[in-house]
Amino acid sequence: MGQAVLKLTDVAFQWHGRTRFGLSVPDFSVGSGETVLLLGESGSGKSTLLSLICGTVLPMSGHVQIAGTDIVTLSGGQRDKFRAEQIGVIFQQFNLLPFGTVADNILLPLRFAPARRKRVGDARAVATELCSALGLPDGVLNEKATSLSVGQQQRVAVARALIGQPPLIVADEPTSALDANSQASFLDLLFTQASEHGTSLVMVSHDPRLGDRFDRVVRLEDIAKMERSAA
Ligand SMILES: Nc1ncnc2c1ncn2[C@@H]1O[C@H](COP(=O)(O)OP(=O)(O)OP(=O)(O)O)[C@@H](O)[C@H]1O
């Protein structure tokens, strides 16, 4: 494993909903360029862990280091900017801007991330290259994102995560809406792009069959302790 891009140390978090759910992670690291598949049952806390990694929720204690910075020490605004600079995120539902074009969607993270934008140079040209590498049709940048097929929208979400080469990509069940063939070609594209740019990848899934493609397969219960109780 190269130098850690992601390192969680002594992290403890709790949701206070109708039932209380606690997640603690003593020690979990992902190296530079490493690809990790995170498996776990439904409701086991996989998305919660990704939210902690992205800094959209904060632990009650512990440290979440990304590229050497402990995001727990940052203010809310600093954390939003840091996330835009350092992490490409692919959600289960892709979360594309419904009224935006494909270009608006792909270029979105650069708006909040000056260093990432600078790395890109000619952003529109890079977005065009990414679309072509991801098998999207010519001229797609001007299409409305929601006019595309589900598989195409998924590729737009990947282009948005990859643009400007963030050191870490976090993906929450990105293939759940695809059939087996589309799933395989989607993962081929994601892996080719990530490895070309030395990007680390943490992907959550229910499906252990995807494991062969990854450097490491981690079961959530092997790195975390979960507790559930009545509120
Ligand atoms: N915003 C929230 N408020 C309160 N409780 C929450 C919240 N989000 C998740 N939880 C609780 O945290 C637990 C873990 O949920 P989480 O979504 O992290 O699991 P998961 O492994 O990603 O599940 P799935 O595979 O079904 O997406 C669940 O018991 C859930 O009810």
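1. The structure discussed here is a predicted model, which should be kept in mind throughout.

2. Which residues does Gln154 touch, if its neighbours within four places in sequence are left aside? The contacts of Gln154 are then Phe94, Pro174, Leu178 and Phe186. Phe214, on the other hand, is 60 residues from Gln154 along the chain, and the C-alpha atoms of these two residues are separated by 20 Å.

3. The buried residues of helix α6 are Gln154, Arg155, Val156, Ala157, Val158, Ala159, Arg160, Ala161 and Leu162. The elements that cover these buried residues include the strands β6 and β7, together with the helices α3 (102-111), α5 (123-133) and α7 (180-196). As a check on the length of the helix, the 13 residues of α6 should span 18 Å at 1.5 Å a residue, and the end C-alpha atoms are 19 Å apart, which agrees.

4. The sheet to be considered is an open one of five strands, in the order β6-β7-β8-β3-β9, and its pairing is parallel. Its edge strands, each of which pairs on one side only, are β6 (87-90) and β9 (216-219). From one strand to the next, the twist averages 15°. Helix α6 packs on this sheet, where it touches β6 and β7, and the direction of α6 makes about 170° with that of β6.

5. Within the sheet, strand β3 (residues 35-39) and strand β8 (residues 200-205) run parallel and are joined by five bridges. A student who wishes to locate this pairing in the structure may look for Leu39, which stands opposite Ser205 in β8.

6. What follows helix α6, and how is it placed? Gly164 comes after α6 and has a positive phi, near 80°; this glycine is found in the loop between α6 and β7 (168-172). Gly164 is buried because 23 C-beta neighbours lie inside 10 Å. Leaving aside neighbours within four places in sequence, its contacts are Leu110, Ala113, Arg116, Arg117, Arg119 and Val120. Of these, Ala113 is 51 residues away along the chain, with 9.4 Å between the C-alpha atoms of Gly164 and Ala113.

7. Two backbone angles deserve a careful look, since most residues other than glycine have a negative phi. Gln165, in the loop between α6 and β7, has a positive phi near 50° although it is not a glycine. With 17 C-beta neighbours inside 10 Å, Gln165 counts as partly exposed. Asp10, which is found in strand β1 (residues 4-16), is also a residue other than glycine with a positive phi, near 50°. Asp10 is exposed because 12 other C-beta atoms lie within 10 Å, and a residue with 12 or fewer is given that label.

8. Which residues lie around the ligand? They are Trp15, Gly17, Phe21, Gly40, Ser42, Gly43, Ser44, Gly45, Lys46, Ser47 and Thr48. By class, this shell has two nonpolar residues, eight polar ones and one charged one. Helix α1 (residues 46-54) supplies three residues, the largest share of the shell.

Methods. Residues are numbered from 1 along each chain as its sequence is written. This is a predicted model: local features need pLDDT of at least 70, side-chain atom pairs count only at pLDDT 80 or more; totals for chains, interfaces and linings use all residues. Two residues are in contact if their C-beta atoms, placed from the backbone, lie within 7 Å. A residue is near a molecule or strand if its C-beta atom, placed from the backbone, lies within 6 Å of it. Helices (H or I, at least four residues) and strands (E, at least two) are DSSP runs, numbered from the N terminus. Ala, Val, Leu, Ile, Met, Phe, Trp, Tyr, Cys and Pro count as nonpolar, Asp, Glu, Lys and Arg as charged, and the others, Gly among them, as polar. A residue is buried if 20 or more other C-beta atoms lie within 10 Å of its own, exposed if 12 or fewer, and partly exposed in between; C-beta atoms are placed from the backbone. Two strands pair if DSSP finds at least two bridges between them. Axes are lines fitted to C-alpha atoms, for helices over the stretch in contact, and angles run from 0 to 180 degrees between N-to-C directions. The expected span of a helix is 1.5 Å times one less than its number of residues.
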